[in-house]
Amino acid sequence: MDTPSPGSIRARPLRAALLLVAAATVTVGVVAVVHDVAGPRIEANEREQRIARLAEVLGATKYDNDLVDDVVLVRNPELLGTDEPLPVHRARLAGQPVAALITAVAPDGYSASIRLLVAVAADGRLIGVRVLSHKETPGLGDGIDRRKSSWIESFAGRAIGDPPLERWKVRKDGGDFDQFTGATVTPRAVVGAVRNALLYFDAHRAELLAAPAAAPASSGDADR
């Protein structure tokens, strides 16, 4: 039997390394192609999901603008519950503002922060509230989720002054809103966050409902 030469032995690791490089190159290429093909579809699906969430909290409120694109970023840790910039989407009809959809955070949930979408009509009354994300206890605190109970719908039609500000609490704390049997912390946190979102709206109504900034004119438009 022929004995492999030292050169052929040394060449084997090199060939293996080259094969690995070639395989990695092909894999990267395939991933890039898949991303290019699937990327726009994924983005479109995510956009549709955002539109559905925004439309759900608006209920029967009529609008004719693009809810996703008509948006401003705001920051107010005291009233919106976080240091991070949060989106406020605007609904308009025939160019007139009809609602602001404020993303707010209840930082004092039982298990973690609770992220909310608070729809406020131009007159300051609540259109609706929905929970965007939470980690509350199943069977107890998760009653804030519309899929689990109708509790979240109790905010519709309310406003600062209805009830009076001092009664924006759960009943256990002397307020007007129900808590859950065996779970007070979660609804307390949500009631407080919705109240604060309304206070933020009242303080910044003009800015939140302002017309979107006009796109800068192109050089061709400027010459006309």
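**Close-up views of the predicted model**

**View 1. The largest nonpolar core.** Of its 37 residues, Leu126, Phe155 and Val190 touch the most other members. A nonpolar core is here a set of buried Ala, Val, Leu, Ile, Met, Phe, Trp, Tyr and Cys residues joined through side-chain atoms within 4.5 Å; buried means under 20% relative accessible area (1.4 Å probe, protein chains only). At least two residues of this core come from each of helix 2 (77–80), strand 2 (86–93), strand 3 (96–106), strand 4 (114–121), strand 5 (126–133) and helix 3 (185–209). Helix 3 gives the largest share, 11 residues. Helices (H or I, at least four residues) and strands (E, at least two) are DSSP runs, numbered from the N terminus.
The model is predicted: local features need pLDDT of at least 70, side-chain atom pairs count only at pLDDT 80 or more, and totals for chains, interfaces and linings use all residues. Residues are numbered from 1 along each chain as its sequence is written, and side-chain values use heavy atoms, with hydrogens and water left out.

**View 2. Surroundings of Leu126.** Beyond its neighbours within four places in sequence, Leu126 has contacts (heavy atoms within 4.5 Å) that include Phe155, Trp168, Val194 and Leu198. Another core, of 10 residues, lies apart from the largest one and has Leu54, Val68, Ala91 and Leu117 among its members.

View 3. Strand 2 and strand 3 pair over 6 bridges; Arg90 has Ala100 in strand 3 as its bridge partner.

Key
Buried < 20%, exposed > 50% of the residue type's maximum accessible area, 1.4 Å probe, protein only. Pairing = 2+ DSSP bridges.
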